[in-house]
Amino acid sequence: MNIRKICMNCMREKLDENGKCVACGKNESEIICHPNHLPMRTILNGRYLIGRATGEGSLGIVYIAYDLALQISVAIKEFFPAQYVRRDENDELTVLLCDEEKRETFEKEEEKFIGEAREEARNYNERDGVSILDLFRENDTVYIVMDCVKAQEERISSQSAPQPEKVTPPKEMSDETQEEILEEVHVAKTSVKSEKPKKSNMVKLVFGLAALILAMAFLIGYSNYYKNNRTYKEKQEDGGYMIITVEDGVIVKQEKYDSSGRLLVCGTYPKGKDTEILKYYDESGNLSSDVYIYEGSEIARTDYYDDGKTIQTTFESENTYTSTMYQAGENIVQKWNVIDGETEEAYFAEDYPAEGWTSYNKYIMGDNSDDSYQKDYYDPNNNLVLSVVVENGEQVEVNIVNQELYDSVTWRKE
């Protein structure tokens with residue numbers, strides 16, 4: 001058997017040189033594969049060749065497949081609750097949980113999925129023609145193999161056309177007999193016309209219509225739920241793609257990847273808030289910065305990451321903000337307050353003139369604010385030791401506040 005000749009639409013070995021199936025007339029290139037579905041021609045469990053998806057429900061996706069060992073068509077159902085999971089973009093096979101908080105629910109649904117398969121296997125009804133052939137785990141999910149496709153084909157092919165009923169030619173009858181028969185037929189017709197529908201039949205009709213309406217309402221509701229709660233892939237013009245997560249009809253997460261599958265930026269949108277959180281990643285896949293955006297374009301906060309340092313900037317407006325540098329978590333290394341584009345004050349944990357010492361700059365606002373300021377030095381116990389006044393870059397005043405502490409360290413000349 002040449003598996004390259006197997007049609008992904010009907011699972012017959014009937015593909016011609018152009019990839020068109022001579023049995024069903026389908027060309028493989030015409031079959032649309034959803035990003036959530038397994039790629040066609042994937043082989044599961046070293047045995048099952050996956051074809052097109054034939055159906056999708058709240059808990060899984062059903063594929064037509066080919067059992068390479070038994071050389072028969074089968075149906076395979078994959079546990080894939082789209083509201084909880086997505087497909088790994090690297091191998092396009094592994095099932096990943098979108099939110100770890102949903103793991104307990106995911107595992108309960110998976111156990112239910114397996115339990116129903118085992119129950120169906122135990123209660124197999126030959127008349128129905130659907131039995132469980134196999135159950136296995138792969139790609140961090142569960143697969144059920146069924147023979148329903150083959151069984152349906154066998155039932156169709158085995159059913160013969162109904163044979164016409166043999167009719168015995170009527171015997172000759174007298175005129176009196178014919179008149180008696182005609183009289184009986186007339187009476188029967190009259191009684192049929194006058195007979196009213198039975199009440200029980202009317203009740204069944206009403207309940208049947210009610211059940212149909214409820215079923216349609218459920219299907220419409222489920223269709224809307226699936227439409228409003230899903231994760232899907234969207235290709236981009238630059239060759240990359242987006243992974244978009246929707247909850248209750250609202251986009252709550254977007255991830256942008258380049259053509260090689262590297263994550264570039266992740267945007268999350270907390271429901272009920274007009275807030276966008278963008279996370280940017282470097283070439284090594286490490287988080288490089290966060291940007292918090294309110295009301296579309298107004299930046300409220302920006303975080304930068306570099307060599308273990310975090311620079312967190314909180315904006316009041318475009319040119320008025322506070323920027324703080326952290327080292328190893330919550331330790332503040334530097335802090336700046338900027339008003340209308342000019343630095344008003346700055347704090348430095350610079351270990352000068354000794355370890356643990358800090359400095360605080362109070363700037364004189366004006367055209368030369370960067371060169372005019374008062375700089376105060378504090379020891380590790382936050383005692384003010386030295387105060388220096390600088391104007392236009394020139395040191396104009398030095399005030400030793402604590403002579404003993406000042407003499408306890410070595411100061412370099414600036």
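**Close-up views of a predicted model**

The largest cavity has a volume of about 40 Å³. It belongs to a predicted model, in which two cavities of 30 Å³ or more are found.

**Figure 1. Lining of the largest cavity.** The residues that line the largest cavity are P35, N36, R86, R87, E89, T231, Y232, K233 and I243. Two elements, β5 (85-87) and β9 (230-235), each give two or more residues to this lining. The element that gives the most is β9, with three residues. By type, the lining of the largest cavity divides into three nonpolar, two polar and four charged residues. Rolling a probe the size of a water molecule over the atoms shows where empty space is left.

**Figure 2. Overview of the whole protein.** The protein has 414 residues, and buried residues make up 33% of them. Its secondary structure comprises five helices and 23 strands. Of the contacts between residues at least 6 apart in sequence, 25% join residues at least 24 apart.

**Figure 3. The largest nonpolar core.** This core has 30 residues. Those with the most contacts inside the core are L44, Y48, I50, V74, I76 and V85. Several strands give two or more residues to the core, namely β2 (48-56), β3 (60-67), β4 (72-79), β6 (95-97), β7 (132-138) and β8 (141-146), and so does the helix α1 (103-122). Another core lies apart from this one and has 13 residues, among them Y377, V385, L386 and W411. In soluble globular proteins, nonpolar side chains tend to be buried together.

**Figure 4. Surroundings of L44.** L44 is one of the residues with the most contacts inside the largest nonpolar core. Not counting residues up to four places away in sequence, L44 touches L38, I50, F136, E138, N139 and Y143. I50, one of these partners, is also listed among the residues with the most contacts inside the core.

**Figure 5. N139, a residue with positive phi.** N139 is one of the residues that L44 touches. N139 sits in the loop between β7 and β8. Its phi is near 60 degrees, a positive value in a residue other than glycine. Most residues other than glycine have a negative phi, and most peptide bonds are trans. N139 counts as buried because its relative accessible area is 15%, under the 20% limit.

**Figure 6. N392, another loop residue with positive phi.** N392 is found in the loop between β22 (384-391) and β23 (394-400). Phi of N392 is near 50 degrees, again a positive value in a residue other than glycine. With a relative accessibility of 54%, N392 counts as exposed, since the cut-off for exposed is over 50%.

**Figure 7. Surroundings of W357.** W357 lies in the loop between β19 (342-348) and β20 (358-363). W357 counts as buried because its relative accessibility is 4%. Leaving aside neighbours within four places in sequence, W357 is in contact with A349, E350, D351, Y352, Y378, D379, P380, V385, L405, V409 and W411. P380 is 23 residues from W357 in sequence, and their C-alpha atoms are 5.2 Å apart in space.

Key: Residues are numbered from 1 along each chain as its sequence is written. This is a predicted model: local features need pLDDT of at least 70, side-chain atom pairs count only at pLDDT 80 or more; totals for chains, interfaces and linings use all residues. Side-chain values use heavy atoms; hydrogens and water are left out. A nonpolar core is a set of buried Ala, Val, Leu, Ile, Met, Phe, Trp, Tyr and Cys residues joined through side-chain atoms within 4.5 Å. Buried means under 20% relative accessible area, exposed over 50%, partly exposed in between (1.4 Å probe, protein chains only). Helices (H or I, at least four residues) and strands (E, at least two) are DSSP runs, numbered from the N terminus. Contact means heavy atoms within 4.5 Å. On a 1 Å grid over the protein atoms alone, a cavity is a set of points where a 1.4 Å probe fits but cannot get out, and a pocket is an open set with protein on both sides within 12 Å along at least five of seven lines; lining residues have an atom within 4 Å of a point. Grid points are joined across faces, edges and corners, and a volume is the space filled by probe spheres set on the points. Ala, Val, Leu, Ile, Met, Phe, Trp, Tyr, Cys and Pro count as nonpolar, Asp, Glu, Lys and Arg as charged, and the others, Gly among them, as polar.
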